[in-house]
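Dear colleague,

My notes on it follow directly after.

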Amino acid sequence: MKTTILQLTGLWMLSILLFACSNEDLNNELAPETQEISKRFEEPKGGQEYSALGSEYSKTKARDIFSKAMSVTIAGNKEVKELLIEKAKEQYNGDTEVMYLMVKDEKLGRGTLADLLAMNYRKYFKEELPRDFFSEELVKADPYMTIYIDEIYFKKPDLLERPVTIAYESAEIDDTKVEYYKGYNSEGKAVKITSLKNRETIFGVKENERVVLVNKKTFRTVNGNTLKDIIKFPKADPCDALLNAIIGLFSQAVITGNDYLIIQVMELNKLYKCICLNDCDEPVPDSDGDGIPDDEDKCPDEAGPASNDGCPEDPGCVAPSGCDRTNRNDKDEIYRFKFSSCSAYSSTSELFEGKREMRASITYGYVNPLTGAAESTTILKAASFSKGSLRNSNFWGSCTSTKWVNAYWETLTWDYCTYGEKAYVYWYEEDNADTSASLSVGFTFSLGPVSIPVNFTIPLSNKDDKLGGSLVQYCDEADGSGYQYNTGSINFNFRMEP
């Protein structure tokens with residue numbers, strides 16, 4: 001694949017009203033430090049990263065060109081700035097950001113945003129690009145490219161009145177190892193960005209990690225996956241996976257008029273309610289609430305498992321005495337959590353990221369009454385939390401301490417004689433909606449004298465931040481705030497619902 005190294009350019013102000021300089025002159029005027037930045041960002045170790053759509057431009061090169069064009073376009077066109085701000089406010093995926101795909105065809109004056117970028121790039125940088133670069137090639141090169149505006153600017157809107165610097169993440173460098181980001185200020189000059197504390201406002205250019213782009217004709221993702229590749233159904237309880245797939249993949253805004261869209265299939269919610277909750281067009285009577293319709297339940301007034309035709313089973317075991325959960329039917333929940341330290345928080349928080357997409361999986365074991373084998377079920381919980389809700393900080397975002405946040409994630413009614421003595425809670429922060437990897441976890445399922453090893457997998461992305469897990473014991477404190485656990489990165493309270 002053809003690769004080219006984009007020559008670093010910038011604008012040198014000759015007068016208040018006139019910008020005019022060739023690329024060669026600009027490079028001669030740049031400070032040595034800036035030239036060093038160009039080399040570090042444009043020649044990353046390990047080669048260039050390309051999208052699966054076949055563009056000759058790498059993702060990093062595409063972001064560099066876009067950042068240069070946007071830096072001078074937003075400086076000279078207030079309408080462009082207002083468009084990005086208003087779209088970011090909508091928080092279509094929970095963060096104050098907007099995908100370029102969503103706004104490239106927005107009409108601004110006589111043309112589109114893509115037209116303005118193309119015109120200004122030719123005007124200020126005198127470099128030749130394909131005629132359709134900003135309208136088509138840019139999306140082909142970096143389909144998930146997103147403009148991120150940190151939420152701090154919306155809390156202090158006067159900061160949005162300042163000139164804007166456009167800075168971008170390199171696709172080839174691990175964010176946790178980046179010392180600074182390359183950017184272009186309102187004059188088109190190359191600068192380095194280490195924090196938001198700057199005389200100019202910083203708009204970040206990055207890859208959106210929380211949505212899936214699907215071809216409208218083939219229903220394949222831009223990476224070539226089918227929907228079946230994305231939606232993972234564990235054998236034990238596919239309904240939990242279906243619900244999380246609906247929430248995680250399909251509660252997005254539809255983008256129309258493009259070859260790729262963020263897919264929205266809210267009708268799946270009806271499917272979930274019908275299949276998993278027996279809530280179809282006509283309600284199915286279930287008097288005792290055990291999940292078995294009355295017309296199939298031999299004991300419709302007493303809850304019981306399907307293995308016993310809906311009738312209660314004779315008690316074959318006795319729950320330990322003196323435990324909070326014994327003789328109570330309240331559901332357990334993850335009451336609250338926090339990062340155990342600023343370093344744990346910072347390991348998942350980069351400059352151009354938005355809200356933390358926190359995930360917890362709760363796995364419990366049981367003995368299959370038909371086979372006698374130990375099996376497991378995993379419940380997945382998820383929610384977004386803002387940076388401010390998770391950590392105390394000064395104005396510019398440095399972590400000084402971490403905060404408790406309430407989750408109230410409902411899990412299961414822990415029946416000792418069914419689910420045994422232990423459950424396992426694993427935490428991670430999602431950085432990619434695709435499931436390109438998995439995590440294998442094992443623990444011992446204990447039911448009285450019976451101890452059986454259980455192994456299970458959690459679908460993750462290669463980019464997700466793994467935050468560790470903890471075993472929860474049946475007889476751990478469950479009243480009040482519950483028992484506090486520490487995975488090394490996350491502290492959390494597990495309790496019965498009050």
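In the predicted model, Lys 59, Ala 62, Ile 65, Phe 66 and Ala 69 of helix α3 touch Phe 133, Phe 134, Leu 138 and Ala 141 of helix α7, where contact means heavy atoms within 4.5 Å. Of the residues in this contact, 8 are nonpolar, none is polar and 1 is charged; Ala, Val, Leu, Ile, Met, Phe, Trp, Tyr, Cys and Pro count as nonpolar, Asp, Glu, Lys and Arg as charged, and the others, Gly among them, as polar. Helix α3 covers residues 59–76 and α7 residues 133–141; they pack at an angle of about 145°, with axes 9 Å apart. Helices (H or I, at least four residues) and strands (E, at least two) are DSSP runs numbered from the N terminus. Axes are lines fitted to C-alpha atoms, for helices over the stretch in contact, and angles run from 0 to 180 degrees between N-to-C directions.

Residues are numbered from 1 along each chain as its sequence is written. Local features need pLDDT of at least 70 and side-chain atom pairs count only at pLDDT 80 or more, while totals for chains, interfaces and linings use all residues; side-chain values use heavy atoms, leaving out hydrogens and water.

Helix α3 also packs against α6 (residues 113–125), at an angle of about 90° and with the axes 8 Å apart. The two helices are therefore roughly perpendicular, a term for angles of 65 to 115 degrees. Among the residues that form the contact are Phe 66 and Met 70 of α3 and Leu 117 and Tyr 121 of α6. By class, this contact has 11 nonpolar, 2 polar and 1 charged residues.

With α4 (residues 78–89), the axis of α3 crosses at roughly 110° and comes within 5 Å. That makes α3 roughly perpendicular to α4 as well. Met 70, Thr 73, Ile 74 and Gly 76 of α3 meet Lys 78, Val 80, Lys 81 and Leu 84 of α4. These residues divide into 4 nonpolar, 2 polar and 2 charged.

Helix α3 and strand β8 (201–207) each supply at least two residues to the lining of the second largest pocket. A pocket is an open set of points on a 1 Å grid over the protein atoms alone, where a 1.4 Å probe fits, with protein on both sides within 12 Å along at least five of seven lines; lining residues have an atom within 4 Å of a point. Its lining comprises 40 residues, with Glu 207, Glu 209, Asp 431, Asn 432 and Lys 463 nearest the centre. By class, the lining has 10 nonpolar, 13 polar and 17 charged residues.

Technical notes: Angles under 35 degrees count as roughly parallel, over 145 as roughly antiparallel, 65 to 115 as roughly perpendicular and the rest as oblique.
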